[in-house]
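Visitor: Hi, I'd like to go through a structure with you, step by step. Could you put it up on the screen?

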Amino acid sequence: MKPRPPAIRRLVNVSLFFLSSAVSIPVSSGEVTTAQVERSIRRGVDFLISQQRPTGEWPGQTGASALATLALLTAGRGPEDPATARALAFLTRSTELNGHETYTIALKTMAFAAADPTKYRRFIEVYARRLQATQFARVGRNEQGGGGGWSYGAGGSPDNSNTQYALLGLQAASDAGVVIPPKVWNAARRYWLDGQNRDGGWGYKPDLPSYGSMTCAGISSLVITGARRMQSRERLVGDEIHDCGSEGADVELARAIDWMGSLFSVRVNPRHEGMYKLYYLYGLERAGRLAGIRWFGRHDWYREGAEELVRTQDPVRGSWQGDGGEHDPVLATSFALLFLAKGRTPVLINEFRHGPGRDWNNDPDDVANLAAAVSRDWKSLVTWQTVDPAVVPVEELLTAPIGFISGHLAPEFSAAAKQRIREFTDQGGFLLADACCSRREFDEGFRALMKELYPESELRPLGPDHPIRRARHDLSGDEHPLFGIEQGCRTVVVYSPADLSCYWHHAESEPAHPRVVAAISLGQNIVDYATGRELPADKLAEHRIAHREADLPKRGALRIAKLRHAGAWNVAPMAVPNLTTTLRDKLQFDVVINHREIRAEDPNLVHYPLVYFHGRAGFVFSEEEVRALRRHLDPGGGTLLIDAACGSESFDRDVRKLAAALFPDRSLTPIPGDDALLSRATGFDLSDCRTTRAAGGTTGSPKLEGIEIAGRWALIYSPLDIGCALENHQSLDCRGFVPESALRIATNVVIYSTLP
């Protein structure tokens with residue numbers, strides 16, 4: 001008879017807490033949750049709609065209505081939503097500018113581009129031409145009243161606030177397909193460079209003292225104009241990159257980022273206290289997202305800003321209200337919603353910093369342009385960020401599914417960084433690397449790094465039949481060489497010794513160039529393979545990691561065994577530790593994190609109520625092993641959970657042979673969708689489990705099979721993968737369940753195996 005850990009019974013009572021987004025947890029410093037932010041956004045949206053007039057506008061000027069419309073669209077209210085549709089209809093009718101021409105036109109352009117760039121193309125083109133026409137001209141290095149910038153409209157002198165909004169409008173128009181002449185971007189860039197103060201920041205106008213909201217405006221404007229400009233020391237000549245990697249560091253941008261890091265705050269507008277805090281937070285969101293920054297100094301700008309906004313939201317109305325020009329709750333709430341909704345954009349790629357020097361950043365726009373291409377393809381915004389694996393914990397690295405390494409020279413990482421990169425892939429992350437400019441020094445150094453990090457594996461060529469070659473675009477040939485490292489269920493490292501990043505870098509300036517198109521297409525294929533085309537979680541999602549720690553089990557604690565066999569039995573070594581870590585941390589009951597790796601004939605098998613068995617290749621059990629397993633599964637005995645790693649057909653065939661040998665008088669039968677094992681009677685309702693795209697991308701009850709003994713399922717088998725999903729693998733070629741569904745299925749099996 002197997003032991004029944006009494007602590008496990010608590011699992012049934014608390015299982016509804018697990019993965020629930022409805023749990024209310026008090027906000028504490030740095031501990032704001034996704035659920036709290038979602039609720040805050042919903043309440044803010046409800047407030048804006050409550051203030052909308054029947055004719056579609058909001059009280060005040062047209063620019064305020066355009067801002068509120070943009071906030072609704074960004075917060076998830078699509079163009080067909082009644083409130084958004086009324087607002088868009090009003091914006092198409094309105095010609096009112098009220099002396100705020102630049103703000104109004106820019107915000108209307110952004111709203112129309114966010115709603116439907118095809119439907120509203122005529123408006124977007126007209127507004128883009130108007131913004132170009134109102135840009136102040138430059139005369140050499142001298143400006144005509146601030147050449148390259150914008151003012152409120154006709155006349156006046158340019159200021160940094162109007163100029164940043166004009167650039168945001170032009171960026172939205174450019175993203176919608178409107179061609180903006182290079183001279184517009186270059187003149188605007190020179191405006192910002194000329195106006196930067198010695199301390200690295202910007203004020204409202206050139207030579208005025210620096211403060212937070214205008215420095216954020218400068219950061220985002222330098223990024224926008226830097227990506228859009230058509231002039232660069234590195235250039236494409238024919239099919240070749242000339243002066244490869246000579247783009248150099250953006251010193252002015254780095255100075256501005258340092259200014260923000262040294263004076264960072266979300267409670268006030270730095271150096272402009274009591275004025276325009278919510279306007280500043282919206283600017284902070286743009287600066288952080290566009291520059292690929294997760295931390296200003298030591299501050300996680302989105303987490304701290306979200307916490308501040310959740311804390312200061314009106315508990316009754318759901319609105320926000322500020323000081324010094326932000327008394328209008330519609331304006332204030334719109335700015336707050338734009339920060340909360342846009343700022344939590346999922347991070348697709350972490351660009352890993354490494355030495356020597358800034359060799360990690362030879363092409364500043366490479367990853368940004370690849371993420372933009374993926375966003376357009378997926379029709380869902382994803383972003384990127386730079387991180388230093390020497391100082392960032394693995395939990396933070398896992399906010400993005402892909403880590404990227406590039407350089408000219410042999411990459412230099414500290415011992416701590418190397419350990420975290422390996423743990424990042426062990427916990428489900430994917431490593432992508434390329435030799436910038438196809439440099440031999442990087443190639444040799446990266447290969448040496450891989451031998452150090454993965455001594456048990458080898459960097460091997462990926463053939464033309466690898467799933468990456470057909471993940472998105474049909475690239476079945478092997479014109480571009482790729483190398484990879486296999487770890488159990490999947491390829492965890494992909495390396496290109498031939499340059500990709502330089503061509504990504506030129507995706508804005510020469511989007512139709514054949515080499516750029518080919519490089520972006522291959523990058524998309526790699527991303528789709530690594531992610532399974534599943535959106536990453538938002539920035540506040542909790543990423544727990546499991547360790548194979550040497551823990552001593554308490555009496556009565558749950559222990560899980562993992563069955564060793566002659567085939568590929570350990571393709572997902574962290575599957576059980578990830579599961580048990582979640583059970584311990586989410587469900588608060590005693591569980592041994594480490595599984596016991598055990599053979600079927602081991603007499604200690606009797607101490608394990610649940611035995612897990614998976615693989616990706618055929619296997620054979622001896623008669624002695626079959627008899628031992630049969631004894632363990634006899635009435636009152638243990639439960640055997642089996643899954644075919646990534647839906648392996650050879651493993652599936654041998655599982656069926658094993659089941660026939662174990663119980664000649666019984667056969668594997670489908671477990672009904674309404675069985676207690678798959679319902680809340682055990683733990684979770686599993687009627688909405690999702691499979692990966694490779695398995696059809698279906699939603700419904702999992703197609704499990706089993707053998708029933710004395711009224712209970714003694715053997716539970718999934719022909720689709722569970723174990724690799726428990727390691728957070730999402731590659732396109734893995735036929736199985738998505739991680740969240742696999743976790744719920746496995747949890748139900750754990751509960752079921754311990755019930756009397």
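Guide: The torsion about the S-S bond of Cys 646 and Cys 734 is about -95°, so this disulfide is left-handed; a disulfide here means a pair of cysteine sulfur atoms within 2.5 Å. Please keep in mind that this is a predicted model, in which local features need pLDDT of at least 70 and side-chain atom pairs count only at pLDDT 80 or more, while totals for chains, interfaces and linings use all residues. Residues are numbered from 1 along each chain as its sequence is written, and side-chain values use heavy atoms, with hydrogens and water left out.

Visitor: OK, and where do Cys 646 and Cys 734 lie?

Guide: Cys 646 is in the loop between strand S17 (639–644) and helix H22 (649–662), and Cys 734 is in the loop between helix H23 (723–726) and helix H24 (739–754), so the pair ties together parts that are 88 residues apart in sequence. Helices (H or I, at least four residues) and strands (E, at least two) are DSSP runs, numbered from the N terminus.

Visitor: Is Cys 646 buried or exposed?

Guide: Cys 646 counts as buried at 6% relative accessibility, and Cys 734 is buried too, with a relative accessible area of 6%. Buried means under 20% relative accessible area, exposed over 50%, and partly exposed in between (1.4 Å probe, protein chains only).

Visitor: And what about Cys 689?

Guide: Cys 689 is in no disulfide, and the nearest cysteine sulfur, that of Cys 734, is 16 Å away. Cys 689 is buried, with a relative accessible area of 1%.

Visitor: Changing topic, how many aromatic pairs does the structure hold?

Guide: The structure holds 27 aromatic pairs. Rings of Phe, Tyr and Trp (its six-membered ring) pair if their centres lie within 6.5 Å, and planes under 30 degrees apart count as stacked, over 60 as edge-to-face and the rest as tilted. One of the pairs is Tyr 103 with Tyr 152, which is edge-to-face, at 5.7 Å centre to centre and with 70° between the planes.

Visitor: Where in the chain are Tyr 103 and Tyr 152?

Guide: Tyr 103 is in helix H5 (residues 101–115), whereas Tyr 152 is in the loop between strand S2 (142–143) and helix H7 (160–175), and the two are 49 residues apart. Tyr 103 is buried, with a relative accessible area of 16%, but Tyr 152 counts as partly exposed at 35%.

Visitor: What about Tyr 302 and Phe 339?

Guide: Their ring centres are 5.4 Å apart and their planes are at 15°, so the pair of Tyr 302 and Phe 339 is stacked.
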